[in-house]
Amino acid sequence: MKIQWFPLSLTLILELLVFVWVFSLTFVNIEYIYQFDLSNTYSMVYFVYFLLGIFGLLWMRMRWPKNTQVREELQYTFLLVFLFSLVLIPGLVIHHHFMLEHVGESNLYLRSYGKIAFLYFALALSMSPLLRFVKHAFARDIIITSRKVFGILSFLFFLKHGLEYFALEYIFQSQYHQDVSYFQYVYENMLVRYDALSGVIAGILMLVLWLTSNKVSMLFLGGRLWKTLQSLAYPAFLISIIHIAVASRFDGFYSFLIVLVVALRTAAYVFPKKVSVASTTTKYICIPCGYIYDENVGDPDGGIEPGTKFEDIPDDWRCPVCGVSKADFEPYEETENTIFWGYMGTIISYKMLTADVLELGVELDTPVDVLPGQYAVMILQDFDGEFSRSYSLVYAKGKKLTFGIKLQDTGRWWRALKRMKLGDTLKIKGIYGDFVLRTTPNPKVFVATGTGLSPIIHMLTAGPLQSKENQLFFWVQSYEDVFYESLVQSINGLQVEIYLSREEREGYKHGRMDLSKMQFSPETEFYICGNPGLVAATKECLEQAGYTHIFFEKFN
């Protein structure tokens with residue numbers, strides 16, 4: 001995957017505009033924003049940024065760019081601007097509250113800005129442990145972006161805190177120490193005041209974090225060096241605690257935040273991911289697409305140098321093939337004898353829907369959350385050992401999962417599944433996939449071939465569809481290959497057309513399915529799943545016709 005500099009350059013420009021705004025806010029009284037004073041220039045600029053973030057995200061929703069990297073970069077930037085503007089207001093409200101607590105004190109601004117800076121710093125450090133427990137890609141994106149936003153806001157309020165301090169020092173020096181220059185006074189004063197010295201050291205570390213908080217820095221510095229620089233957040237947090245301690249400002253507010261950060265990071269360490277590694281590996285496989293990350297090779301085009309360990313890759317790195325996050329990667333052993341699993345299940349139903357389509361029911365030992373359209377990775381076993389295979393879910397609720405599986409006599413998984421019977425135990429590695437139903441009122445068109453119908457069935461039956469106009473196009477070779485026909489025909493508001501490519505039969509369409517001659521409303525959402533060739537052809541056909549809301553999943 002070659003780096004596309006256009007979207008990165010655009011993102012860098014937008015981020016620089018945000019950073020310029022952040023820096024400029026440190027020189028003004030940001031109470032103007034809290035008071036919604038539109039006569040103030042900086043307050044007006046804030047609301048312009050806020051609206052830019054909102055309308056940017058709405059524009060991305062209505063006019064989804066076809067280029068994947070452009071789409072991801074723009075979505076990331078608009079989300080950053082929106083969250084930054086949104087989360088700034090609570091900080092201003094709390095800052096105003098702290099001011100009212102100490103009315104009349106000369107260092108009022110100094111203390112309140114410092115408290116808010118530490119609050120956002122603690123929140124930023126609290127985001128990383130949450131990634132250990134969150135698997136959903138969109139939720140992880142929000143957490144990763146929020147972590148960056150909290151870090152930037154922490155720097156903003158910390159800089160205000162420092163500027164207020166040096167401004168007060170200037171006033172004090174001009175009144176009582178006019179015999180020495182201001183810079184000499186500050187330099188000599190910092191050497192004997194540990195609160196000032198520790199604050200400056202923490203500020204330098206936070207400045208480094210702020211300057212490298214962008215994707216372009218990651219590409220230029222490389223994943224390993226960038227990760228090292230970002231780890232300066234931990235010594236900066238410790239030095240900030242020392243700064244608070246030597247300044248004798250400790251209270252319940254600071255104590256709570258410190259306990260929160262320590263507790264979350266301890267929990268992430270004590271309760272690791274359910275996936276365990278039985279042997280040392282330098283390779284990790286992308287579950288959705290099969291791309292293998294090799295630590296010895298790295299991902300140079302993605303800014304990851306050769307030799308970079310998988311755990312050292314930045315959390316916002318993406319699979320260069322399909323674009324999923326690190327959460328969808330698992331340790332990979334080429335012998336496939338290493339066991340990685342997350343849930344134990346029992347087979348409760350085993351039914352052949354057609355000559356080669358199996359409906360397999362499994363009851364897990366613990367409930368699992370599944371979004372309509374996602375798939376599970378199943379651990380199977382044969383004479384050569386254990387191996388994994390991905391299967392779409394037809395039904396999922398609580399502990400019960402139902403799979404629709406295409407069987408082939410030549411498939412290794414078929415030999416393993418053929419020997420299974422009711423009551424056998426089964427291992428499920430986890431739930432994955434971003435091919436999920438959007439809860440919008442837009443008309444929806446579902447396109448499926450073979451067992452590509454399985455996730456579509458899950459989407460159609462998980463709950464009432466929000467839209468009133470829905471269509472299903474299902475394509476198989478002959479009438480004997482049709483399954484779930486009565487189920488889909490019974491769904492209210494769903495128009496069903498079944499294509500038989502090798503057989504003419506009354507009530508069914510004959511020939512290959514072709515959407516190029518059909519007309520749909522511009523806001524229609526298309527969900528395509530099945531044979532890779534059909535998925536690619538249908539997607540290309542719809543894109544040429546100008547449709548933008550296209551979601552798909554491929555099956556081999």
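Leaving aside neighbours within four places in sequence, which residues is Phe-237 in contact with? In this predicted model, residues are numbered from 1 along each chain as its sequence is written, local features need pLDDT of at least 70, side-chain atom pairs count only at pLDDT 80 or more, and totals for chains, interfaces and linings use all residues. Side-chain values use heavy atoms, with hydrogens and water left out.

Phe-237 is in contact with Phe-118, Phe-121, Ala-122, Leu-125, Ile-258 and Val-261. Contact here means heavy atoms within 4.5 Å. Phe-237 also belongs to the largest nonpolar core, which has 55 residues. Such a core is a set of buried Ala, Val, Leu, Ile, Met, Phe, Trp, Tyr and Cys residues joined through side-chain atoms within 4.5 Å. Buried means under 20% relative accessible area, exposed over 50%, and partly exposed in between (1.4 Å probe, protein chains only). Leu-25, Leu-88, Phe-118, Leu-153, Phe-157 and Phe-237 have the most contacts inside the core. Two or more residues come from each of α1 (5-25), α3 (41-62), α4 (68-101), α5, α6 (137-176), α8 (194-211), α11 and α12. Helices are DSSP runs (H or I, at least four residues), numbered from the N terminus. Helix α5 gives the most to this core, with 12 residues.

A search of the whole structure finds six salt bridges. The criterion is a side-chain nitrogen of Lys or Arg within 4 Å of a carboxyl oxygen of Asp or Glu. One of the six joins Lys-115 to Asp-251. Their closest N and O atoms are 2.9 Å apart. The pair links distant parts of the chain, 136 residues apart. Lys-115 sits in helix α5 (residues 108-131), whereas Asp-251 lies in the loop between α11 (233-246) and α12 (252-270). Lys-115 is buried, at 12% relative accessible area. Asp-251 is partly exposed, at 28%.

Lys-539 and Glu-543 form another salt bridge, at 2.7 Å from N to O. Both residues are in helix α16 (residues 532-544). They are four residues apart there, so about one helical turn separates them. Lys-539 is partly exposed, with a relative accessible area of 24%. Glu-543 is also partly exposed, at 23%.

A salt bridge also joins the side chains of Glu-503 and Arg-505, with an N to O distance of 3.6 Å. Glu-503 counts as partly exposed at 22% relative accessibility. Arg-505 is partly exposed too, at 37%.
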